[in-house]
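The report below takes up a pocket and its lining, and then turns to a handful of individual residues.

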Amino acid sequence: MQPFTQQVIEIIRAIPKGKVMTYGGIAASAGSPRGARQVVRILHVMSDKYDLPWHRVINVKGEIAIRDDESSFLQKALLEEEGIELNGNGRVDLSIYRYDG
């Protein structure tokens, strides 16, 4: 496993309940500030294998980035179960819920 991939997995695992991180924030924390798309791929491929809390990862606008309706609904439900509120536009207030690690 590449060091960046290992770092991303560790960072995602460390996001506490009730908090979120952005793809870019995870990439920057793992040493590659321009690696947000790599984080997306890692989540897509390794979430199940490493039991990652994938639902705690959102885009820089505070939005759920998943396009699939069923998965998007599931992510929203999981975030709300943890006490994370989405506003009327479906966004998470990053000033309240962002985790910086």
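What is the volume of the largest pocket? The largest pocket has a volume of about 390 Å³, where a pocket is an open set of points on a 1 Å grid over the protein atoms alone, at which a 1.4 Å probe fits and which has protein on both sides within 12 Å along at least five of seven lines; grid points are joined across faces, edges and corners, and the volume is the space filled by probe spheres set on the points. The lining comprises 14 residues, of which Leu-43, His-44, Ser-47, Trp-54 and Ile-66 are the closest to the centre, a lining residue being one with an atom within 4 Å of a point. Two elements, α3 and α4 (69–81), each give two or more residues to this lining, and the largest share, 4 residues, comes from α3. By class the lining divides into 9 nonpolar, 4 polar and 1 charged, with Ala, Val, Leu, Ile, Met, Phe, Trp, Tyr, Cys and Pro counted as nonpolar, Asp, Glu, Lys and Arg as charged, and the others, Gly among them, as polar.

The model is predicted, so that local features need pLDDT of at least 70 and side-chain atom pairs count only at pLDDT 80 or more, whereas totals for chains, interfaces and linings use all residues. Residues are numbered from 1 along each chain as its sequence is written, and side-chain values use heavy atoms, with hydrogens and water left out.

Helices (H or I, at least four residues) and strands (E, at least two) are DSSP runs numbered from the N terminus. Buried means under 20% relative accessible area, exposed over 50%, and partly exposed in between, with a 1.4 Å probe and protein chains only.

| Residue | Relative accessibility | Class |
|---|---|---|
| Ala-27 | 0% | buried |
| Arg-56 | 8% | buried |
| Arg-41 | 51% | exposed |
| Asp-51 | 66% | exposed |

Ala-27 is part of helix α2 (residues 23–29), and, leaving aside residues up to four places away in sequence, Ala-27 touches Phe-4, Ser-32, Pro-33, Gly-35, Ala-36 and Val-39, a contact being heavy atoms within 4.5 Å. Arg-56, in the loop between α3 and β2 (57–58), has among its contacts beyond four places in sequence Ile-15, Pro-16, Leu-79 and Glu-82.

Arg-41 belongs to helix α3 (residues 36–46), and its C-alpha atom is separated by 9.9 Å from that of Thr-5, 36 residues apart along the chain. Asp-51, also placed in the loop between α3 and β2, has a positive phi near 50 degrees. Most residues other than glycine have a negative phi.
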